[in-house]
Amino acid sequence: MKTLVAYFSQTGNTKKIAEAIYGELPDEKEIKSLEDLQDLEGYDVVFYGFPIQAMGPAKDAGDFLSANAGGKRMVLFITHGAPEDAERLGPWLDNCREMVSSAGGELMGLFDCQGEVAQPIIDFLLNHENPQMQQYGKEAAEPEAKGLPDEARVEKAREFAREMAQKL
């Protein structure tokens with residue numbers, strides 16, 4: 001089985017998770033950033049990672065997914081600025097799942113974890129006119145949100161990869 005771990009990462013959060021997942025996968029495998037990817041041909045399974053932006057996949061990652069997931073067995077791994085137990089996260093992850101199915105791909109699994117939000121985004125949110133966006137900025141600025149994904153989240157990603165490898 002030939003596996004690809006592909007990712008789009010702007011701050012390093014998603015790349016960190018991609019590398020953890022890649023390290024746990026057996027068999028023939030490759031890891032590539034989205035900018036180094038032409039298509040998904042030749043791979044039996046694709047682990048595809050990206051951050052949540054504007055309540056769904058980051059635009060470049062979503063566009064690539066929509067154009068290339070057809071007929072592919074996909075495993076998503078997603079980073080975001082929300083705590084993993086935040087209610088608002090459910091619809092955001094559903095938007096990501098929907099992209100795979102609407103493109104004709106088969107979603108085999110999904111992993112998500114909180115990552116540190118870049119300071120310019122925090123500043124933007126804190127200064128937003130919408131109080132909900134301001135609240136997101138406050139959450140992202142809290143000390144416990146710094147340095148994420150931490151080692152515990154990285155280990156959960158490794159565990160997820162091992163589970164998916166057995167399932168596949």
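Modeller: Let us begin with one residue. Setting aside neighbours within four places in sequence, Arg 153 is in contact with Ile 17, Glu 84, Phe 111, Cys 113, Gln 114 and Leu 148. Arg 153 lies in helix 6. Keep in mind that this is a predicted model.

Colleague: Why does Arg 153 count as buried?

Modeller: Its relative accessibility is 17%. Buried means under 20%. The value falls under that cut-off, so Arg 153 counts as buried.

Colleague: How do you know whether Leu 25 is buried or exposed?

Modeller: Use the cut-off again: under 20% is buried. Leu 25 has 7% relative accessibility, so it counts as buried. Leu 25 sits in the loop between helix 1 (13-24) and strand 2 (28-33).

Colleague: What is Leu 25 in contact with, leaving aside its neighbours within four places in sequence?

Modeller: Its contacts are Thr 3, Val 5, Phe 47, Ala 161 and Ala 165. Gly 70 is 45 residues from Leu 25 along the chain, and their C-alpha atoms are separated by 23 Å.

Colleague: Now Ala 54. What makes its phi worth a remark?

Modeller: Its phi is positive, about 55 degrees, although Ala 54 is not a glycine. Ala 54 is in the loop between strand 3 and strand 4 (56-57).

Colleague: Why is Ala 54 called exposed?

Modeller: Exposed means over 50% relative accessible area. Ala 54 has 82%, so the label is exposed.

Colleague: And why is Met 55 called partly exposed?

Modeller: Met 55 has a relative accessible area of 35%, so it is partly exposed. Met 55 is also found in the loop between strand 3 and strand 4. Its phi is near 70 degrees, a positive value in a residue other than glycine.

Colleague: What label does Glu 106 get, and why?

Modeller: Glu 106 has a relative accessible area of 43%. That falls between 20% and 50%, so Glu 106 is partly exposed. Its place is in strand 6 (residues 106-114). Glu 106 touches Lys 72, Arg 73, Met 74 and Val 100, not counting residues up to four places away in sequence. Pro 91 is 15 residues from Glu 106 along the chain, with 19 Å between the C-alpha atoms.

Colleague: Which peptide bond is cis, and how do you know?

Modeller: The bond joins Leu 148 and Pro 149, and its omega is about 0 degrees. Pro 149 is in the loop between helix 5 and helix 6 (151-167).

Colleague: What makes a group of residues a nonpolar core?

Modeller: The residues must be buried, be of the listed nonpolar kinds, and be joined through side-chain atoms within 4.5 Å. The largest such core here has 30 residues. Tyr 48, Phe 50, Leu 65, Met 74 and Leu 76 touch the most other members. At least two residues each come from strand 1 (2-7), strand 3 (45-53), helix 2 (59-68), strand 5 (73-80), helix 3 (89-102) and helix 5 (131-141). Helix 3 gives the most, with six residues.

Colleague: What does Phe 50 touch, not counting residues up to four places away in sequence?

Modeller: Its partners include Phe 8, Pro 57, Ala 61, Leu 65, Leu 76, Ile 78 and Cys 96. A second, separate core has 20 residues, among them Val 5, Val 75, Phe 160 and Ala 161.

Colleague: Why would such side chains gather?

Modeller: In soluble globular proteins, nonpolar side chains tend to be buried together.

Colleague: How do you know that the radius of gyration agrees with a compact globule?

Modeller: For 168 residues, a compact globule would have a radius of gyration near 15 Å; the protein chain has 16 Å, so the two agree. Its C-alpha atoms fill a box of roughly 50 × 30 × 30 Å along the principal axes. Buried residues make up 46% of the chain.

Colleague: How many helices and strands does the protein chain have?

Modeller: There are six helices and six strands. Along the sequence, the pattern is β-α-β-β-β-α-β-α-β-α-α-α.

Methods:
Residues are numbered from 1 along each chain as its sequence is written. This is a predicted model: local features need pLDDT of at least 70, side-chain atom pairs count only at pLDDT 80 or more; totals for chains, interfaces and linings use all residues. Side-chain values use heavy atoms; hydrogens and water are left out. Buried means under 20% relative accessible area, exposed over 50%, partly exposed in between (1.4 Å probe, protein chains only). Helices (H or I, at least four residues) and strands (E, at least two) are DSSP runs, numbered from the N terminus. Contact means heavy atoms within 4.5 Å. The radius of gyration is taken over C-alpha atoms; the globule rule is 2.2 Å times the number of residues to the power 0.38.
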